[in-house]
Amino acid sequence: MARASGKAHIIVLDVGLATAMATGTDKQSFFQKSKACASLIIQRMIFSAPNDHVGVVLFGTDETDNQLNIELGGYEHITEAFDLKQANWATLRILLDQVTQTKVKTSWLEGLIVASNFLRSGAQGKKFTEYSIILISPLLERTDVREDQIESVLDVIGDINGALHLITNFVLHPAASIGSIFTTSGTFDEQASKTEVRSQNERLVKKLLKDTDGTLSNINWAERMLTFFDPKVVRPTPWNSILSIGTKVNVSISAYVMISEQKGLGSFKVDSADELSGTTSKVEMKTQYLLNDKPIEISMQDIIMGYMYGSTVVPYDNTIDIEYRSGESRLACLGFTASSNVLEEHLSSKGSYVVVAKKGCTASNHKLAALVKAMHELSVVMIATKVYRKDNKPRLNVLLPTYRHEIPCLVMMELIFKDELCCLKFPPLLKSKPVPTDEQYEAIDKLIDSMNLMDAIDDSNGESREAFALHNTYNPTLQHVYQAVAHRALHPKQPLPPVDTTLQELFEVPKKVATRSKPALDDVKRLFDLKEIKQNTRTEWLQRMAKIKLADDAASTVSTIDSGILMDDDDADRRMVVSVGSVTPAEDFALLLRRGEKFATVATQLQNILFELLFMSMRPPGDKVVLALMVYRSEAQTLGPYRYNEWVTEFKDMLLTRRKEEFWEQIIVGKRLGLIDSQESEMSTISLEQAENFYKTPTQNKTTVESSGGENIDLDSLFNELND
């Protein structure tokens with residue numbers, strides 16, 4: 001017999017006259033919803049269970065094509081549409097595009113009999129872990145059955161330990177038993193108005209479901225549940241190793257993943273972007289080197305190998321014949337420390353493992369139990385080195401003692417590097433702490449009670465259930481990716497659809513909560529005076545770095561009291577800045593000065609960047625140019641005004657020559673960024689009168705294109721006139 005190949009499913013779909021009679025389910029016919037459910041079932045198999053096999057049987061078709069009709073006869077208008085094979089997009093496209101509704105009446109039980117025989121014959125020679133038949137029908141057609149026919153269906157399903165799942169209408173799902181499809185079962189609505197034929201079919205279906213341990217689902221509920229794709233089922237595989245403590249104690253352990261980051265579908269690797277049109281465009285990877293956001297050419301001789309120690313680059317010289325090898329796979333104890341020494345911010349976000357004794361190792365089980373008990377009583381944790389595979393990079397981990405289901409075990413989590421530690425400091429919300437009134441306390445209590453999520457969703461049967469339940473809520477981002485991939489596979493030429501309404505409910509406030517919390521929210525708005533405080537973090541950073549006053553009004557003056565170059569702030573920027581760049585020139589200039597770079601060198605870099613941003617960039621000068629000028633002038637007042645005064649004089653001529661009068665008037669003159677006089681700096685030789693005359697523009701300096709001559713035309717002036 002062949003090796004196990006997942007699960008086997010047969011979808012039995014009603015396409016006959018009965019589906020046309022069962023209209024009125026959320027403005028869609030039963031046939032449309034049943035075909036949508038069948039499509040979603042196949043999509044879930046493609047994404048979550050690629051080893052599962054699926055076949056499709058249609059009853060109520062115009063033609064007849066099934067094995068039982070050939071052998072025995074009598075099973076008319078039933079078609080074995082798709083053989084039992086792995087789910088694929090081609091099958092799904094045919095199901096959606098070519099399966100249409102008919103006006104033929106066919107018994108659902110005959111379709112179920114054909115499907116059970118189809119499942120048995122298709123599974124021969126193969127070994128599946130589970131077998132199931134999924135019947136989608138409104139159960140409106142009369143069924144004249146014999147006892148032996150029902151027994152034959154039960155015998156076939158029972159021989160292979162299969163299950164029958166029914167998707168139909170007039171089914172209720174209690175809120176307490178809400179769960180994923182095919183794992184929980186609803187009940188028939190006894191209060192609904194139904195025909196005698198439908199009631200008779202329900203009694204027959206109850207017997208079939210009971211004897212096959214099947215499930216019953218409402219078609220509206222099933223379509224909603226099938227919209228969400230379950231992640232691919234992965235068999236838990238342990239990491240087997242040896243936990244060594246000192247030189248004499250060795251424990252055989254198995255580590256299982258307990259919490260891991262959900263990575264989604266991963267990257268897509270393709271050779272052609274458009275295979276349907278016949279054009280090939282090979283996808284290639286390209287490495288580009290940038291310095292201050294500018295592409296640069298680097299010779300391979302200038303590149304050296306290096307390793308990352310946390311966020312620090314450690315160069316490695318290939319000429320040194322040293323190669324580190326971590327050795328065999330292991331988990332080696334380095335020592336124990338008090339549990340209070342390991343804080344939550346010291347733990348990495350790469351997930352966690354549960355460490356237990358290896359199965360079948362009795363001695364290791366006793367050792368680990370004694371170790372966990374001792375660590376728990378002494379309130380200590382273990383620091384250990386983990387090498388996942390031979391010669392892999394060693395990782396530092398902490399092992400915490402715990403009991404899961406009364407079984408002693410260790411929880412293992414990776415530790416971070418010191419430079420990865422991020423301690424956030426938040427300013428106080430209020431400088432003074434006013435005491436709220438009793439009325440304000442009562443308003444907040446009402447608001448909290450009205451936003452309770454435990455009864456935030458009402459079912460169709462009037463019962464309430466929890467919103468955003470932990471085990472029943474899916475990741476909306478991942479689900480949208482699944483839906484987008486499925487839509488692109490089925491409709492390659494159509495644009496991607498908007499976010500599904502069922503996914504929008506996952507990141508929106510439930511309607512019930514929004515409605516009942518509105519009165520309480522109005523009371524809070526009435527009792528609390530809320531004022532919006534806008535903070536410009538970039539401006540605050542510059543004020544802290546260079547102690548300058550940044551005002552928006554043109555009449556304000558820029559002054560400095562003390563340079564902030566030697567300040568030692570705990571929350572200083574950790575960016576690796578090698579020179580002044582065009583993205584954040586003011587911050588780069590201040591950071592380089594704090595680091596101890598020469599003022600002359602950094603000032604020259606800033607002057608070049610300002611020239612590039614003003615005269616070579618296609619974008620208009622933004623706030624970063626103004627901030628860079630302010631920081632440059634404020635630092636020059638303390639470190640030496642001569643260089644700034646000499647540069648700003650040339651800068652003035654350059655602005656007026658290149659027709660930047662607007663920038664001159666609004667920025668240089670308006671914000672008083674001209675010469676540094678003797679009152680602003682003791683090292684300056686510029687008098688107050690000279691500094692004031694600097695802001696005056698002589699008319700003779702205003703050059704024009706007409707007076708410049710035909711051979712000495714300023715190209716920048718022509719370009720500016722063209723833009724104007």
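I296 is found in strand 12, which covers residues 294-296; strands here are DSSP runs of E with at least two residues, helices are runs of H or I with at least four, and both are numbered from the N terminus. The model is predicted: local features need pLDDT of at least 70 and side-chain atom pairs count only at pLDDT 80 or more, while totals for chains, interfaces and linings use all residues. Residues are numbered from 1 along each chain as its sequence is written, and side-chain values use heavy atoms, with hydrogens and water left out.

I296 is partly exposed, with a relative accessible area of 33%. On this scale buried means under 20% relative accessible area, exposed means over 50%, and partly exposed lies in between (1.4 Å probe, protein chains only). Together with Y289, L291, I298, M300, I303 and V578, I296 makes a nonpolar surface patch of about 620 Å². Patches consist of residues with over 30% relative accessible area and no salt bridge; nonpolar side chains (Val, Leu, Ile, Met, Phe, Trp, Tyr) are joined within 5 Å and like charges within 9 Å. A salt bridge is a side-chain nitrogen of Lys or Arg within 4 Å of a carboxyl oxygen of Asp or Glu. Areas come from the Shrake-Rupley method with a 1.4 Å probe, and for residues only the protein chains shown count as cover.

A patch of negative charge on the surface is formed by E147, E151, D155 and D159. Asp and Glu count as negative and Lys and Arg as positive, with His and the chain ends not counted; each charge is placed at CD of Glu, CG of Asp, NZ of Lys or CZ of Arg. E147 belongs to helix 6, residues 147-159.

The loop between strand 4 (130-136) and helix 6 contains L139. E141 lies in that loop between strand 4 and helix 6 as well. E141 is buried yet has no salt bridge, and the nearest side chain of opposite charge, K105, is 5.0 Å away. Beyond residues up to four places away in sequence, E141 touches A18, K105, T106, W108, V197 and N201, a contact being heavy atoms within 4.5 Å.

Most residues other than glycine have a negative phi. L139 is not a glycine, but has a positive phi of about 60 degrees, and is buried with a relative accessible area of 0%. H405, also not a glycine, has a positive phi of about 55 degrees. H405 sits in the loop between strand 18 (395-404) and strand 19 (407-415) and is exposed, at 74% relative accessible area.
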